Amino acid sequence: TTVSSIVAAPGSRSPRMEAGNIPSIKSLLVLDSDGKRIISRYYKGEFASLAEETAFEKKLSDKTIRTNAKNEAEIVMFDNMVTVYRNSADVWFYVIGHHAENELILVSALTALYDALTSVLRQAPDKRALMDNFDVLLLCIDELCDGGVILETDPTTIVNRAGMKGSDGAPTGPEAAFTEQSFNNMFASAREQLARSLLK
């Protein structure tokens with residue numbers, strides 16, 4: 001089974017999906033409760049300057065800050081992009097994709113990052129913990145995706161690979177395989193959560 005047949009919605013005519021590209025995200029953000037960035041990764045060159053990025057982050061924070069996203073991901077269409085997000089203590093995690101991207105994939109990426117950080121930090125992530133362990137945050141993001149291409153959605157694997165960074169452990173980066181089994185696991189873990197969110 002090809003990647004495009006797994007992720008493309010029936011009748012979808014998105015050139016990106018028809019080309020069989022593996023799932024990707026446009027940006028990944030971690031913001032504090034004031035909408036200020038803890039870390040931001042933009043992979044598709046959406047904005048021309050830091051000022052434009054900061055303005056986008058503030059608008060996104062203002063739109064989502066009052067929603068209840070503590071226990072599961074929420075989904076919103078923002079600036080013609082699909083955004084999934086989740087709140088933990090005083091930080092907000094965002095994964096943003098193309099408007100035609102499959103929401104299940106974005107939810108799975110977000111959940112994987114959140115669960116990996118919770119495992120490593122041994123607590124629900126908050127701003128102080130993330131700042132004190134900023135290298136861990138960077139490593140987990142790098143193991144989740146590379147250049148916006150989603151590499152792994154199993155939090156245990158992300159934690160293990162981050163811990164082995166620079167060693168002779170499993171390969172990471174663009175060459176890491178994103179297998180059909182990865183997709184099956186991703187959909188199974190995200191489907192119920194997504195359905196609950198959309199039916200609210």
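Leaving aside residues up to four places away in sequence, Leu28 touches Ile39, Ser40, Arg41, Tyr43, Tyr94, Val95, Leu113, Ile141 and Leu144, where contact means heavy atoms within 4.5 Å. The model is predicted: local features need pLDDT of at least 70, side-chain atom pairs count only at pLDDT 80 or more, and totals for chains, interfaces and linings use all residues. Residues are numbered from 1 along each chain as its sequence is written, and side-chain values use heavy atoms, with hydrogens and water left out.

Leu28 belongs to the largest nonpolar core, which has 33 residues; Leu28, Phe93, Leu117 and Leu130 touch the most other members. Such a core is a set of buried Ala, Val, Leu, Ile, Met, Phe, Trp, Tyr and Cys residues joined through side-chain atoms within 4.5 Å; buried means under 20% relative accessible area (1.4 Å probe, protein chains only). Helix α4 gives the most to this core, 11 residues. A second, separate core of 13 residues includes Leu29, Leu31, Ala69 and Tyr85.

Next comes the sheet. It is open, with 5 strands in the order β2-β1-β5-β4-β3 and antiparallel pairing. Strands pair if DSSP finds at least two bridges between them; helices (H or I, at least four residues) and strands (E, at least two) are DSSP runs, numbered from the N terminus. The edge strands, β2 (37-42) and β3 (74-78), each pair on one side only.

Two helices pack on this sheet. Helix α4 (residues 103-121) touches β1 (27-32), β3, β4 and β5 (91-97). Helix α6 (residues 134-144) touches β1 and β2.

Terms used
Axes fitted to C-alpha atoms, helices over the stretch in contact; angles between N-to-C directions. Buried < 20%, exposed > 50% of the residue type's maximum accessible area, 1.4 Å probe, protein only.
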